Amino acid sequence: MVKIDADTIQPSLFINLNSDEADISISSSNKIFRVNNLIEALDTNQIVMTLWDSIIPNSFYNVNQYYNTVLYNNGSADKTLTIPDGYYDSDLIVSTIQTLLRNSDNYNTSNVVVSLSDLTNKVTIDSGSGNTIKITGGTLIKRLGMVITTTDTQTVTGSNSINIVGSPYLNVKFNNISTNNLDSHGHRNDILGCIPIDESFGSWIHYHDSGGRHNILSTNFISNLHIEITDSNNNPVDFNGLAWKLTLSIHFIKKRTHDFKRIEF
């Protein structure tokens, strides 16, 4: 964490961003804001930015183009099950998969049963007497708690609990400014902050920075802000036409220099 010292006469400021007021709208979560009054760090100062607060609608679907397929083999051919976009709870996703499988090739309307255990919270697909099923992949199987299987069986049960809720947080990141932060693999990313998704679908997510996460930017001036909001897997978020608001806090600090001396033994 960067310590903010009042060692420069440049005053701090806030930038209030409303997605509906972006100069360029690439998508509902990808916006470019032009800064008409150039923000510049003078002399040897550096710009430090914090995601101060945000108001974001929880209007994005947990089943979408990035998480909507189950690939399987019905004993004679490879098939793809595509779930329509929308917001699903556990019961709805289970019943939807059952309906789609019952209407698919090689299965009939009375045999296939998809269920969710109240005890283990795991999904089971029973293809019915005389039928087999093998899970071969898909973008939704992880959220269903299922894994790729290697044998044809009548019944397949998820190895893990279902977690159809989706991403636990949203990333707010720059596409034109480096924050020099690192991800889990030690690779550079430009994430300004993470917003926990702690409200239910249809509600507003209110976030306020309480830990003082200060990012030293790689640039000493800002003329525009290209901001994108992604899910925890770095996929774009579709807010389905609803606007969001971010407040960015900007401070200026003097660049630190260190004089390292070699210690002779």
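The legends below describe close-up views of a predicted model.

**View 1. The largest nonpolar core.** This core has 32 residues, and those touching the most other members are Met49, Ile56, Ile222, Leu225, Ile227 and Leu248. At least two core residues come from each of the strands β1 (13–18), β3 (30–40), β4 (45–57), β11, β14, β15, β17 (221–230) and β18 (245–254). In soluble globular proteins, nonpolar side chains tend to be buried together.

**View 2. Surroundings of isoleucine 222.** Ile222 is one of the core residues that touch the most other members. Apart from neighbours within four places in sequence, isoleucine 222 contacts Val35, Leu38, Ile39, Ile47, Met49, Ile177, Leu217 and Ile250. Of these partners, Met49 is also listed among the residues touching the most other core members.

View 3. A separate core is made up of 25 residues. Among them are Val63, Tyr67, Val114 and Leu144.

View 4. Serine 203 sits in the loop that joins β14 (191–196) to β15 (204–208). When neighbours within four places in sequence are set aside, the contacts of serine 203 are Ile56, Pro57 and Asn58. Ile56 belongs to the largest nonpolar core. Leucine 225 is 22 residues away from serine 203 along the chain, and the C-alpha atoms of the two are separated by 27 Å.

**View 5. The tyrosine 72 and tyrosine 107 pair.** The structure contains 6 aromatic pairs. In the pair of tyrosine 72 and tyrosine 107, the ring centres are 6.3 Å apart and the planes lie at 25°, so the pair is stacked; the limit for stacking is under 30 degrees. Tyrosine 72 belongs to strand β5 (residues 69–73), whereas tyrosine 107 is in the loop between α1 (90–102) and β7 (113–116), so the pair ties together parts that are 35 residues apart in sequence. Both tyrosine 72 and tyrosine 107 are buried.

**View 6. A nonpolar patch on the surface.** Tyr61, Tyr87, Val165 and Phe201 form this patch, and together they have about 340 Å² of accessible area. Tyr61, Tyr87 and Phe201 are also linked into a cluster by ring pairs. Valine 165 is located in the loop between β10 (155–157) and β11 (169–174). With a relative accessibility of 54%, valine 165 counts as exposed, because exposed means over 50%.

Conventions
Residues are numbered from 1 along each chain as its sequence is written. This is a predicted model: local features need pLDDT of at least 70, side-chain atom pairs count only at pLDDT 80 or more; totals for chains, interfaces and linings use all residues. Side-chain values use heavy atoms; hydrogens and water are left out. Helices (H or I, at least four residues) and strands (E, at least two) are DSSP runs, numbered from the N terminus. Contact means heavy atoms within 4.5 Å. Patches are made of residues with over 30% relative accessible area and no salt bridge: like charges are joined within 9 Å, nonpolar side chains (Val, Leu, Ile, Met, Phe, Trp, Tyr) within 5 Å. Accessible areas come from the Shrake-Rupley method with a 1.4 Å probe; for residues, only the protein chains shown count as cover. A salt bridge is a side-chain nitrogen of Lys or Arg within 4 Å of a carboxyl oxygen of Asp or Glu. Buried means under 20% relative accessible area, exposed over 50%, partly exposed in between (1.4 Å probe, protein chains only). A nonpolar core is a set of buried Ala, Val, Leu, Ile, Met, Phe, Trp, Tyr and Cys residues joined through side-chain atoms within 4.5 Å. Rings of Phe, Tyr and Trp (its six-membered ring) pair if their centres lie within 6.5 Å; planes under 30 degrees apart count as stacked, over 60 as edge-to-face and the rest as tilted.
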